[in-house]
Amino acid sequence: MKITAIIVAGGKGTRMGADKNKLLLKIKDKEILYFTLAAFERNKNIDDIVLVSGESDVGECERIIKDCGITKVRHITVGGLSRQQSVMNGLKCAQGDIVLIHDGARALVTGAEIDASIADCVKYGAAAVGVKCKDTLKSSKDGFISGTVDRELTYLIQTPQVFYLDKILALHQKAACEGFEATDDCMIAEHYGVRVRISQGSYDNIKITTPDDIIIAEKILEKREK
């Protein structure tokens, strides 16, 4: 069985206050993208990587791959106008039986999380890494609290989100034909009645989006080094 990681790395640096792709910013003297690629590069279950990049960032991505000795990136493709379109472009380039769709900004994903999500996909047909919500969650109406959501039933869903390639590609194509827009790949699966198993994640698997997240990421890496 061949397993491909699709890393979506076409994000902008708007909320980061940067004038370039946030994944090209550095943590501990290495680009954020490096840490993401390295997590899949060193995982024995991952056969190859498809990197989805912004058109203007392809050259920088190629440089990082070469300079950091990343060998599993088989293809770099250009993303679309939305994350959903970018994932579709990546899926069309994938050759694995199973694909892990991962946000490039989640640079702190661990090998254990990758392995668990693959195992759950094999067992249940689809999986996504997630953690239980810590905070009390409220629903609202007109800016006022209208109810309390049962925290025991709520999860923060992260990536990777893992599927059999033929099935998730078909669902993406169907969503595109029907004009259905989703915020992640699990939402597409849900929409078409596919059950997705929640794999045990980590609160360290943050999405690096703001300057504060870079500080947090550095502290997490320091903790791991110790």
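Guide: Let's start with a pair: strand S1 (residues 3-9) and S4 run parallel and are joined by 6 bridges. This is a predicted model, so local features need pLDDT of at least 70 and side-chain atom pairs pLDDT 80 or more, while totals for chains, interfaces and linings use all residues. Residues are numbered from 1 along each chain as its sequence is written, and side-chain values use heavy atoms, leaving out hydrogens and water.

Visitor: What makes S1 and S4 a pair?

Guide: Pairing requires at least two bridges found by DSSP, and S1 and S4 have 6, so they qualify. Ala5 is bridged to Ile49 in S4, and Val8 stands opposite Val52. Strands themselves are DSSP runs of E with at least two residues, and helices are runs of H or I with at least four, numbered from the N terminus. S4 also runs parallel to strand S5 (residues 73-78), with 5 bridges between them; there, Ser53 stands opposite Val78.

Visitor: Why is S4 described as largely enclosed?

Guide: Buried means under 20% relative accessible area, exposed over 50%, and partly exposed in between (1.4 Å probe, protein chains only). In S4 (residues 48-53), 6 of the 6 residues are buried, so the rest of the structure largely encloses this strand. Both faces are covered, with Asp48, Val50 and Val52 buried on one side and Ile49, Leu51 and Ser53 on the other. In general, side chains of a regular strand alternate between the two faces of the sheet.

Visitor: What makes the sheet open-edged, and where are its edges?

Guide: The open sheet has 7 strands in the order S5-S4-S1-S6-S10-S7-S11, with mixed pairing. S5 and strand S11 (197-200) each have a single partner strand, so one side of each lacks a neighbour in the sheet. On average, neighbouring strands are turned by 25 degrees against each other, direction ignored.

Visitor: Why are helices H3 and H5 called oblique?

Guide: Axes are lines fitted to C-alpha atoms, for helices over the stretch in contact, and angles between N-to-C directions run from 0 to 180 degrees. Under 35 degrees is roughly parallel, over 145 roughly antiparallel, 65 to 115 roughly perpendicular, and the rest oblique. The axes of H3 (residues 83-93) and H5 (residues 165-178) come within 10 Å and cross at roughly 140 degrees; H3 and H5 are therefore oblique.

Visitor: Which residues of H3 and H5 meet?

Guide: Contact means heavy atoms within 4.5 Å. Gln84, Val87, Met88, Leu91 and Lys92 of H3 meet residues of H5 including Leu165, Ile168 and His172. Among the buried residues of H3 are Val87, Met88 and Leu91, and their cover includes S1, S4, S5, S6, H5 and helix H6 (185-191).
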